[in-house]
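Let's take a walk through this fold, one pairing at a time. Have the viewer open and follow along.

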Amino acid sequence: VRRLPEGNEIRIPNVGWRRIRFRPDNNMFGKIGSDTMAYFVHSFSPAVDDAAHIAATIQVNGSDIAAIVRRDNLVGFQCHPEKSGQFGLDLLARFLVLSG
């Protein structure tokens, strides 16, 4: 993990709603839109060696930050799906479908 970048736009810890952008080549999210807001409370983000494992990102102080990572059958959410309204419910439902 690494500390989120400091800046004037977003205070750290990053608390609140942020626009999440999905990678178009990631099939986990099905019909979930790529212009969606999710709720975050964090000061750190995952450091990902292979960009192919980044499923979605957010912007924090001008930097793209991994918000959802996926490698094989492992998935990690930086956002709080349980606090992200309909998007969070859709994300959890999609996760349950994929996990069998």
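Start with Arg70, which stands opposite Val75 in E7. That pair belongs to a stretch of this predicted model where 4 bridges join E6 to strand E7, residues 74–77, with the two strands running antiparallel. The two strands form a hairpin with 2 residues between them. Look at Asp72 in the turn: its phi is positive, at about 55°.

## The E5–E6 hairpin

Now go to the other partner of E6. Here 6 bridges join E5 to E6, and this pair is antiparallel too. Val60 has Ser63 in E6 as its bridge partner, and the hairpin again has 2 residues between the strands.

Which residue of this hairpin takes a positive phi? That's Asn61, with a value near 50°, even though Asn61 is not a glycine. Asn61 lies in the loop between strand E5 (54–60) and strand E6 (63–71). Is Asn61 buried or exposed? Asn61 counts as buried because its relative accessible area is 15%, which is under the 20% cut-off.

## The nonpolar core

Next, the inside. The largest nonpolar core has 17 residues, and the members that touch the most others are Ile20, Phe22, Ile58, Ile68 and Phe87. Who supplies this core? At least two residues each come from E2, E3, E5, E6 and helix H1 (85–99). E5 gives the most, with 4 residues.

## Thr36, a buried threonine

Thr36 is found in strand E3, which covers residues 36–42. With a relative accessible area of 14%, Thr36 falls under the 20% limit and is therefore buried.

What is Thr36 in contact with, leaving aside its neighbours within four places in sequence? The list is Arg18, Arg19, Ile20 and Phe87.

## A cis proline

One last stop, back towards the start of the chain. The peptide bond from Ile12 to Pro13 is cis, and its omega is near 10°. Where does Pro13 sit? Its place is in the loop between strand E1 (2–3) and strand E2 (14–22).

Note on methods
Residues are numbered from 1 along each chain as its sequence is written. This is a predicted model: local features need pLDDT of at least 70, side-chain atom pairs count only at pLDDT 80 or more; totals for chains, interfaces and linings use all residues. Side-chain values use heavy atoms; hydrogens and water are left out. Buried means under 20% relative accessible area, exposed over 50%, partly exposed in between (1.4 Å probe, protein chains only). Contact means heavy atoms within 4.5 Å. A nonpolar core is a set of buried Ala, Val, Leu, Ile, Met, Phe, Trp, Tyr and Cys residues joined through side-chain atoms within 4.5 Å. Two strands pair if DSSP finds at least two bridges between them.
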